[in-house]
Amino acid sequence: MSTRIAFLKGHGTENDFVIVPDPENALDLSPEAVAALCDRRAGIGGDGLLHVVRSAAHPEAKDMAAEAEWFMDYRNGDGSVAEMCGNGVRVFARYLQRAGHAAAGDLAVATRGGVKTVHLAKNGDVTVGMGRARLPEGDVVVSVGERSWPARNVDMGNPHAVAFVDDLAHAGDLYSPPPFAPAAAYPDGVNVEFVVDRGARHVAMRVHERGSGETRSCGTGACAVAVATARRDGADPAVTGTPATYTVDVPGGTLVITERPDGEIEMTGPAVIVAEGEFDAVWLEGVLA
C-alpha cells in the first residue's frame, strides 16, 4: 500500500461519502478500514464510502464490465457491504465526470444491485435509473418507543420498510435501528423510512439506514417512499399507463422521483464534490493495529 492514498469527499442532498479512487482494485479496504475512514471524529467522516473500481478488476463486477466500465463498490459507514445507494450513485457519477472518465450525458454504473443508467445534466442535476421496485407480500410493523405503525415492504435492490406517521418527530432520535416485526421479513436488517404528507404528491421523510443510523438523505429510501405513497394513493403507473412523480423532502434537500408505466423508477437530485486530498496509510494501519 502506498503511503499516501487519494480521496475525495462528496454529498447528494447531504448524504455524504468518502470517495476512494482505486481503478485496479489494489487497496485492501477491510470493514474496519472503511469504518475508520467514515468516523466523523477520528477519520474523514461520511455516511458511507464509494470505492471506485473498474468493473473488470473486481470479482463482483466482472460480469457487468461489458455494460459498465466502472463499479461502485459501496460500503456503509460501519464498514458493511450494501447492495445499492441511490445518492451514492449520483455522487459516484459526479466523481467520474470530475476525473474525466465521463462527460455530460448518459453513462452506466455497475452496482451490486445491477447496472444503473445515469444522466449527468448540464444544469448540475443527476438522474439515476433506479430499476423497478418489488413489493413483497406480508404485513410488517415498525416501532419507536411505545408507538408502532404498519409499514410497506419495498425492495429497491435493498430492503425498506415505509411507515406513514403524523409527525416526523415520532421517529425519535433514530440512533438505533427501529424494531420491526416479524423478524423474518428482513433477515439482513432494513432501512426504515418515516413519512408525512406535505401536499399533493409531495411528502417528507426521515430515515434510519442500516449500518449508518439516521442520514440526511437516502436515495433508494426516497424511491421506496414514492412507490409506497403512490400505492397508498391508489396510483399504479402499470395500471393507469401514466407516470407518477413525487417530490420527496429529506433533511438534506429535495429529490424528485418518477415511476414510469414500465415500472422503471428515475431519481433526480444534486451531487456535489466538496473536497479532495490524501490520507496517510500509516495512520490507517495504526488505527487498525
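The model is predicted, so local features need pLDDT of at least 70 and side-chain atom pairs count only at pLDDT 80 or more, while totals for chains, interfaces and linings use all residues. Residues are numbered from 1 along each chain as its sequence is written, and side-chain values use heavy atoms, with hydrogens and water left out.

Let us begin with two helices. Helices (H or I, at least four residues) and strands (E, at least two) are DSSP runs, numbered from the N terminus. Two packed helices are described by the angle between their axes and the distance between the axes. Helix H1 covers residues 31–38 and helix H5 covers residues 281–288; they pack at an angle of about 110°, with axes 10 Å apart. Axes here are lines fitted to C-alpha atoms, for helices over the stretch in contact, and angles run from 0 to 180 degrees between N-to-C directions. H1 and H5 are therefore roughly perpendicular to each other, a label for angles of 65 to 115 degrees (under 35 is roughly parallel, over 145 roughly antiparallel, and the rest oblique).

Which residues of H1 and H5 meet? From H1 come Glu-32, Ala-33, Ala-36 and Leu-37, and from H5 come Trp-283, Leu-284, Val-287 and Leu-288. By class, this contact of H1 with H5 has 7 nonpolar, no polar and 1 charged residues. Ala, Val, Leu, Ile, Met, Phe, Trp, Tyr, Cys and Pro count as nonpolar, Asp, Glu, Lys and Arg as charged, and the others, Gly among them, as polar. Contact means heavy atoms within 4.5 Å.

H1 also has a hidden side to explore. Ala-33, Val-34, Ala-36, Leu-37 and Cys-38 in H1 are buried, where buried means under 20% relative accessible area, exposed over 50%, and partly exposed in between (1.4 Å probe, protein chains only). Their cover includes strands S2 (15–21), S3 (48–54), S4 (70–76) and S18 (272–280), along with H5.

Is Trp-70 buried or exposed? Trp-70 is buried, with a relative accessible area of 3%. Leaving out residues up to four places away in sequence, Trp-70 touches several others, including Pro-23, Val-52, Phe-92 and Val-109.

Next come the cores. A nonpolar core is a set of buried Ala, Val, Leu, Ile, Met, Phe, Trp, Tyr and Cys residues joined through side-chain atoms within 4.5 Å. The largest one has 52 residues, and Met-72, Met-205 and Ile-257 have the most contacts inside it. Helix H3 (residues 219–232) gives the largest share of this core, 8 residues. Apart from it lies another core, of 16 residues, among them Trp-149, Ala-161, Leu-168 and Leu-174.

Finally, look at some details of the backbone. Thr-13 lies in the loop between strand S1 (4–12) and S2, and Thr-13 has a positive phi of about 45° although it is not a glycine. Thr-13 counts as buried, at 2% relative accessibility. Asn-25, in the loop between S2 and H1, has a positive phi too, near 60°. Asn-25 is partly exposed, with a relative accessible area of 24%. Further along, the peptide bond from Ala-181 to Pro-182 is cis, with omega near 0°. Pro-182 sits in the loop between strand S11 (180–181) and strand S12 (191–199).
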